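Below are some notes on the fold and on two of its side chains. Please read them against the model.

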Amino acid sequence: GALIDEDHLHTVEALASTRSALAAGAKIIYEAGALFDNVLVRADIIVQAKDGKTWDLIEVKSSTAIKAL
């Protein structure tokens, strides 16, 4: 996979790196950036679906303990 390592202060660069990773044929991208209608999304992981046309977005959460529901 491809890692987009620009931080939240470098959005323009992160978007450009994401476009470059897509153009290079990456099937998995970590910390991908997307902008649509002035809405910025930074996904933890995106994975190209088996159909080759859509992407699955995975949001990773962490904790130091299990929380009761």
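1. Contact here means heavy atoms within 4.5 Å, and axes are lines fitted to C-alpha atoms, for helices over the stretch in contact, with angles from 0 to 180 degrees between N-to-C directions. Helix α1 lies across β1, β2, β3 and β4 and runs at about 120 degrees to β2. Helices (H or I, at least four residues) and strands (E, at least two) are DSSP runs, numbered from the N terminus.

2. This is a predicted model, in which local features need pLDDT of at least 70, side-chain atom pairs count only at pLDDT 80 or more, and totals for chains, interfaces and linings use all residues. Residues are numbered from 1 along each chain as its sequence is written, and side-chain values use heavy atoms, leaving out hydrogens and water.

3. The four strands form an open sheet of mixed pairing in the order β1-β2-β3-β4; strands pair if DSSP finds at least two bridges between them. Strand β2 (residues 28-36) runs antiparallel to β3, joined by eight bridges, and Y30 stands opposite I45 in β3.

4. T18 belongs to α1 (residues 11-23). T18 counts as buried because its relative accessibility is 4%, where buried means under 20% relative accessible area (1.4 Å probe, protein chains only). Its side chain reaches the backbone nitrogen of G33 at 2.9 Å, and a polar atom of that side chain lies 2.9 Å from the backbone oxygen of A14.

5. D44, in β3 (residues 39-48), has a side chain that reaches the backbone nitrogen of V60 at 2.6 Å.

Methods: A polar contact is a pair of N or O atoms within 3.5 Å; within protein, one must be able to donate a hydrogen and the other to accept it, and residues adjacent in sequence count only if both atoms are side-chain atoms. Buried means under 20% relative accessible area, exposed over 50%, partly exposed in between (1.4 Å probe, protein chains only).
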